[in-house]
Amino acid sequence: SQPILGELTASHISPNSVQLEWSVPKGTFDSFTVQYRDGQGQPQVLPVDGTSRTVTVPGLSPSRRYKFNLYGVWGRKRLGPVSTDAVTEGEIDGWMEVYTLHFLLTFAAPSEPEEEAPSPPILGKLTASHISPDSVQLEWNVAEGNFDSFTVQYRDGQGQPQVLPVDGTSRTVTVPGLSPSRRYKFNLYGVWGRKRLGPVSTDAVTGEGFCTALCSVPLAAPSKPEEEAPSQPILGRLTASHVSPNSIQLEWNVAEGNFDSFIVQYRDGQGQPQVLPVDGTSRTVTVP
């Protein structure tokens with residue numbers, strides 16, 4: 001029998017992010033998708049793996065009401081949605097925030113001794129590597145503590161701001177869908193509770209359009225004989241099925257070898273380029 005989505009709730013609301021939580025009373029889903037409209041009214045899709053029960057939606061605007069729809073993907077079906085509304089917090093003028101904090105610290109004495117607040121985690125250095133004509137791999141470290149999640153922000157080839165969410169255990173992410181021979185600036189933020197810390201930044205210039213995957217291989221001959229490079233995997237056929245008014249399910253096969261991950265690229269109804277990341281073990285995805 002098909003799984004059932006439970007209640008969707010919003011928590012940890014800040015001026016620019018909302019954390020969503022949900023339950024699955026029965027069964028298991030292959031994956032989830034969160035759909036909402038950003039501050040400009042553009043539809044956004046946030047993919048979530050099937051084992052997660054929470055996700056942070058970044059890049060929101062202060063003092064704005066958002067409606068979030070959660071769908072569960074089960075085989076070839078998309079079930080749901082379950083929905084919830086949330087209003088992001090408003091920003092406070094700097095002097096008022098300082099004055100209020102001073103007042104609370106001075107006069108609002110706790111009735112019982114409180115534990116010392118934990119110190120916030122610290123972001124380390126952000127670097128770019130494995131640069132190709134259409135993608136850049138970013139790597140970073142955390143000098144101290146732990147983050148709940150990360151967000152990478154940058155502007156695409158059309159100058160439009162893009163946000164790439166990353167889970168808190170990761171220390172690397174590949175940014176796909178870039179343009180050749182273009183300079184990009186990437187900002188990495190760490191999400192810790194209701195706070196967004198950072199950014200740490202780095203610049204990268206994508207390779208020229210004719211460059212292939214061999215461009216990332218150093219030209220200097222190795223000092224020791226290397227093992228023969230493994231043959232690269234081969235993509236099979238891509239087909240579309242289960243076409244509805246607002247979604248399409250894609251299926252594909254891998255004729256030889258294994259891939260680390262996949263990306264699906266397309267343009268939405270407004271002509272804006274969209275990128276949907278898929279893990280390397282999947283052979284199907286629903287484009288909502």
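Let's begin with some housekeeping. Because the model is predicted, local features need pLDDT of at least 70 and side-chain atom pairs count only at pLDDT 80 or more, while totals for chains, interfaces and linings use all residues. Residues are numbered from 1 along each chain as its sequence is written, and side-chain values use heavy atoms, with hydrogens and water left out.

Now the overall picture. The protein has one helix and 19 strands; these are DSSP runs numbered from the N terminus, with helices being H or I of at least four residues and strands being E of at least two. Of its 288 residues, 35% count as buried, where buried means under 20% relative accessible area, exposed means over 50% and partly exposed lies in between, using a 1.4 Å probe and protein chains only. The accessible surface comes to about 18200 Å², and 51% of that belongs to carbon and sulfur atoms; accessible areas come from the Shrake-Rupley method with a 1.4 Å probe, and for residues only the protein chains shown count as cover. Among contacts (heavy atoms within 4.5 Å) with a separation of 6 or more, residues 24 or more positions apart account for 54%.

Next, look inside. A nonpolar core is a set of buried Ala, Val, Leu, Ile, Met, Phe, Trp, Tyr and Cys residues joined through side-chain atoms within 4.5 Å. The largest has 22 residues, of which L20, W22, F32, V34, F68 and L70 touch the most other members. Two or more residues of this core come from each of strand 2, strand 3 (31-37), strand 4 (43-49), strand 5 (54-57), strand 6 (65-74) and strand 7 (77-87). Beyond its neighbours within four places in sequence, V34 is in contact with L20, Q44, V45, L46, V48, V55, F68, N69 and L70. A second, separate core of 20 residues includes V166, V173, F186 and L188.

The aromatic rings come next. There are ten aromatic pairs in the structure; rings of Phe, Tyr and Trp (its six-membered ring) pair if their centres lie within 6.5 Å, and planes under 30 degrees apart count as stacked, over 60 as edge-to-face and the rest as tilted. Y154 and F186 make a tilted pair, 5.6 Å centre to centre with 50° between the planes. Y154 lies in strand 10 (residues 149-155) and F186 in strand 13 (residues 183-192), so this pair ties together parts that are 32 residues apart in sequence. Y154 is buried at a relative accessible area of 12%, and F186 is buried at 0%. W252 and F262 have ring centres 5.3 Å apart and planes at 65°, so they count as edge-to-face. Since W252 lies in strand 16 (residues 247-256) and F262 in strand 17 (residues 261-267), that pair joins parts ten residues apart in sequence. Elsewhere, ring pairs link W22, F29 and F32 into a cluster.

Finally, turn to the loop between strand 1 (8-11) and strand 2 (18-22), where S14 is found. S14 is buried, at 3% relative accessibility. Leaving aside its neighbours within four places in sequence, S14 is in contact with T88, E89 and R194.
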